[in-house]
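Open the model in your viewer and keep the sequence panel beside it. Each stop below says what to select and what is there.

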Amino acid sequence: MEILPYLHQLVIPTPFSVGPVNIYVARDPDGLTLIDCGPHTSAALEALEAGLAGLGHTTSDIRRILITHAHADHYGLAAELVKQSGAQVLTHPFNRLALQDYGDEREQRLAFYRGLLVQAGVPAAITETINTMRRGIGHYAQAVDPSGELNDGDRLMMEEQEWQVLHTPGHSAGLICLYEPGSRLLLSNDHLLRAISSNPLVEPPPPGQSHRLKSLVEYMAQLGRVAALDISTAWPGHGGPIKDVPVLVQQRIEFHAQRAGRILEIIGQHSLTTFEIAQPLFPRLDPLNFFLAISKVVGHLEWLEAEGRIGSTRHGEIVRWQSVPRF
């Protein structure tokens, strides 16, 4: 799909429940820029090669790959494409460790999530099942060494147009969007999706940071920042384009506020674990999606705690949540 004369969208299959991923191809006289590249699967590579062929190019024409965030469906093919093209890889510094030390960092991340589930009061049998399933998705990406950084406020040129880098943590600590004020276009990847609400995922502390980011707190702040831009169309990482960004942002804010209200109702006068809160919200999920549900609930609990509406107490390894009286 042509977005601008020099910018095209390709839809790449993934093995994940979210469905296909959108990647973007910018053509310059000296080669191609990819914004994301899809997972490390033969089906994804074939779709990418076919899409490039439709534009009169091959993977050898790629000169740089911009990775919006370190999730396998967005960057898994990067290492293979670098082998074929010698392309530069640029990303936010928070993504560097996950990309270049993929195996070791993934083991550390799995250990972090095991601890998170224990803290949430998830029964041991469910924790082990979730851990096994998460380990199984590790082969959809390979380690790749970034050759440069993309920080908030940076500018990069695509076909003589200056695109602005926006660091928008929430769904991922290192997530970036790209904005071009002349065309009023935003490449929003997973920060803003039309059909589904982005999941602000709980993650380990970013490299060089002593504390992890409170994902939903960060996400809500970045929603407001994006809504304040003059945007005609946002092109996301999954699904169709978004024509009414301020309206969609307001819908997302209301959605998270409603879920937070439901969590307050569940807590009531009780002292509950995250697992006990998640069960009535998400009663029938497979283990992998239940892990994502726990992450969602943690985000809302931290948001409510930041607003002073709930508090937490630790009982051994397990954290319990209680409402805070309001006067």
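The tour goes from sheets to single residues, then to a pocket.

**Before you start**

This is a predicted model: local features need pLDDT of at least 70, side-chain atom pairs count only at pLDDT 80 or more, and totals for chains, interfaces and linings use all residues. Residues are numbered from 1 along each chain as its sequence is written, and side-chain values use heavy atoms, with hydrogens and water left out.

**Stop 1: the seven-stranded sheet**

Select β1 through β7. They form an open sheet in the order β1-β2-β3-β4-β5-β6-β7, with mixed pairing. Strands here are DSSP runs of E with at least two residues, helices are runs of H or I with at least four, and both are numbered from the N terminus. Two strands pair if DSSP finds at least two bridges between them.

Now colour the edges, β1 (2-4) and β7 (148-149). Each has a single partner strand, so one side of each is left without a neighbour in the sheet. β1 runs antiparallel to β2 (residues 7-12), joined by two bridges. Zoom in on Glu 2: His 8 of β2 stands opposite.

Contact means heavy atoms within 4.5 Å. Axes are lines fitted to C-alpha atoms, for helices over the stretch in contact, and angles run from 0 to 180 degrees between N-to-C directions.

Next, show helix α3 (residues 78-85). This helix lies across β4, β5 and β6 (88-91), and runs at about 165 degrees to β5.

**Stop 2**

Select Ile 23, in strand β3. Is Ile 23 buried or exposed? Ile 23 counts as buried, at 0% relative accessibility. The cut-offs are under 20% relative accessible area for buried, over 50% for exposed and partly exposed in between, with a 1.4 Å probe and protein chains only.

Draw a C-alpha to C-alpha distance from Ile 23 to Gln 9: 5.8 Å in space, though they are 14 residues apart in sequence. Leaving out residues up to four places away in sequence, Ile 23 touches several residues, including Leu 10, Ile 35, Asp 36 and Leu 48.

Move on to Asp 36. Its place is in the loop between β4 and α1. Asp 36 is buried, with a relative accessible area of 2%. Its phi is near 70 degrees, a positive value in a residue other than glycine.

**Stop 3: a hairpin and another positive phi**

Select β8 (residues 155-158). Leu 156 and Met 158 make up its covered face, Arg 155 and Met 157 the uncovered one. Four bridges join β8 to the antiparallel strand β9 (residues 161-167). Met 157 has Glu 162 as its bridge partner in β9. The hairpin has two residues between the strands, and Glu 159 takes a positive phi near 50 degrees.

Then jump to Arg 184, in the loop between β10 (176-180) and β11 (185-189). Arg 184 is not a glycine, yet has a positive phi of about 60 degrees. At 33% relative accessibility, Arg 184 counts as partly exposed.

**Stop 4: the three-stranded sheet**

Select β13, β15 and β14. This open sheet has the order β13-β15-β14, with antiparallel pairing. β13 (272-273) and β14 stand at the edges; each has a single partner strand, so one side of each is left without a neighbour in the sheet. Two bridges link β13 and β15. Leu 272 has Trp 321 as its bridge partner in β15. Helix α8 (residues 245-267) lies across β13, β14 and β15, at about 95 degrees to β15.

**Stop 5: the second largest pocket**

Show Gln 119, Arg 212, Glu 302, Val 319 and Trp 321. Of the 14 residues lining the second largest pocket, these lie nearest its centre. Its volume is about 220 Å³. On a 1 Å grid over the protein atoms alone, a pocket is an open set of points where a 1.4 Å probe fits, with protein on both sides within 12 Å along at least five of seven lines; lining residues have an atom within 4 Å of a point. Grid points are joined across faces, edges and corners, and a volume is the space filled by probe spheres set on the points.

Which helix gives the largest share of the lining? That is α10, with four residues.
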